[in-house]
Amino acid sequence: MSNKEKVTLKSETQFINRVVAIILATGMFTTVGFYLIGLILLFVKGRPIPDLAGQYFHSFGEFFSYLVTLHPRAFLYLGTVCLILTPVSRVFISIIAFWREKDFKYVGVTVIVFLVIVISVIIGSVFKINVG
Amino acid sequence: MFTTFLLMFLVAIFAGFFGALVGIGGGIVIVPALTLLFHLPIHTAIAASIVSVIATSIAGALSYVDQQITNVRLGMFLEISTTAGALVGAFIGVLMHGWTLSLIFGSLIFYMAIVSYRTRKTEDRLIESGGYTSSGGDKLSRIMMLEGSYHDEAADKEIEYHATKTVEGSLISSIAGVGSGLLGIGGGVIKVAAMNSMMGIPMKAAVGTSKFMIGVTAATSAVVYFIAGGIDVYIVAPVALGTMLGATAGSMVMNKLHSRVIKTVFFLIMVYLGYQMIAKGLLTGFNFKLPGLL
């Protein structure tokens, strides 16, 4: 690898690292925020009754009514959704970041990873098996 | 309720801290803690553990990317094999008995624990002598630019490295994926061992990169659990917050420790995990109970 290539690689690495760090930080602070609101509400109000029988909301309307009545579950739910989506969005946004750097080898790598995640989720959800 | 939450939070801090030190998710601490201490059903515990593994990965990776220890390119490249491995694992699980897999994985982990223990002194010597820098890397690693450097705080030195045996390393990483899909073990242990013992990546770079990768594997599982409605947010929240805090603390300490210390902790965790896997395999396959099985 020539020196010029090395310099380009280094600046690309720094750019990608920065993008990744921003996504991770955003995901982490949003998650922590929702969780803290949820836990504070939980301790202030106690575990509210009524609560859902299962673990997830069945409609957006149901979720919304929990949210506006400041039910802790709504905030803990939002935090969990943010948490799970952070690594997935990290992969997705990296595709764009590598594309911007014209590093098409890694655009390919990241697209493959993203597709495998999507396929795993579809198969896992349809067949009710854990594939990750 | 408050006491239970606080206890869960404290256990999670502990799991997050050690997970960040050695580059694993910490599920091997969280799952037994939730089932034994808090008497939660195993499925609830695994689901909560998977979500909190994402949390430790995000917190740990954020710190390691910031310290430039994580090799994002290497992580992305190996994620192909781990995610694909996890997908394949789901199908193998239908064909093979769980106990066979437990025995195979247990033996594999034992083997890698021994390799890791035997190389714990060479690692510090390689760092001191610049042995990592002089290794050239193989063809695939040159094509995929799998090289990098980080500043080792314990040795106060910039360590440059190039990946070797990229194909073999990818294969082992795909096995890590298979294991995590099948047996609910986070692949971190196998990922770190593959990068460090096989691909010639310095221990700390392997830890930082593994921590970064784990989130993707765990998120894939978590989405499936989430859609199936298996995630109890009242348990996940304190555990995830605790692991985030622990992982942040652990990742700030890690670079200050000598690699042989990290490798010794790693070895102990591997021996424990390997023993648990083999004991589980012997129990379900031959109804033979080893002492200390969780």
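What radius of gyration would a compact globule of 294 residues have, and what does chain B have? For 294 residues, a compact globule would come out near 19 Å. Chain B has 18 Å, which agrees. This is a predicted model, and the value for chain B is computed from it. Along the principal axes, the C-alpha atoms of chain B fill a box of roughly 50 × 45 × 35 Å. Chain B holds 13 helices and two strands.

Two helix pairs show how parts of chain B pack. Start with α3(B), residues 42-66, and α11(B), residues 203-228. Their axes come within 8 Å and cross at roughly 150°. Angles over 145 degrees count as roughly antiparallel, and α3(B) and α11(B) are therefore roughly antiparallel to each other. The crossing of these two helices is left-handed. On the α3(B) side, the contacting residues include Ala47(B), Ile50(B), Ile54(B), Ile58(B), Ala61(B) and Val65(B). On the α11(B) side, Gly208(B), Phe212(B), Gly215(B), Ala219(B) and Ala222(B) are among them. Each helix also gives a tyrosine: Tyr64(B) from α3(B) and Tyr225(B) from α11(B). By class, this contact has 15 nonpolar, five polar and one charged residues. Lys211(B) of α11(B) takes part in the contact.

Now turn to α5(B), residues 98-118, and α10(B), residues 188-198. Here the axes come within 10 Å, and the crossing angle is roughly 45°. α5(B) and α10(B) are therefore oblique to each other. Their crossing is left-handed. From α5(B), the contact takes Ile109(B), Met112(B), Val115(B) and Ser116(B). These meet Val189(B), Ala193(B) and Ser197(B) in α10(B). The contact divides into five nonpolar, two polar and no charged residues.

How confident is the prediction for chain A? Chain A averages a pLDDT of 86, and 88% of its residues score at least 70. Where in chain A is confidence lowest, and where is it highest? The lowest is in helix α2(A), residues 60-68, at a mean of 87. The highest is in α3(A), at 94.

Definitions and conventions. Residues numbered from 1 in each chain as written. Chains lettered and ligands numbered in written order. Predicted model: local features only at pLDDT ≥ 70, side-chain atom pairs only at ≥ 80, totals over all residues. Axes fitted to C-alpha atoms, helices over the stretch in contact; angles between N-to-C directions. Helix = DSSP H or I, 4+ residues; strand = E, 2+ residues; numbered from the N terminus. Parallel < 35°, antiparallel > 145°, perpendicular 65-115°, else oblique. Left-handed = near helix turned anticlockwise from the far one by under 90°. Contact = placed C-beta atoms within 7 Å. Nonpolar A, V, L, I, M, F, W, Y, C, P; charged D, E, K, R; others polar. pLDDT = per-residue confidence, 0-100. Rg over C-alpha atoms; globule rule 2.2 N^0.38 Å.
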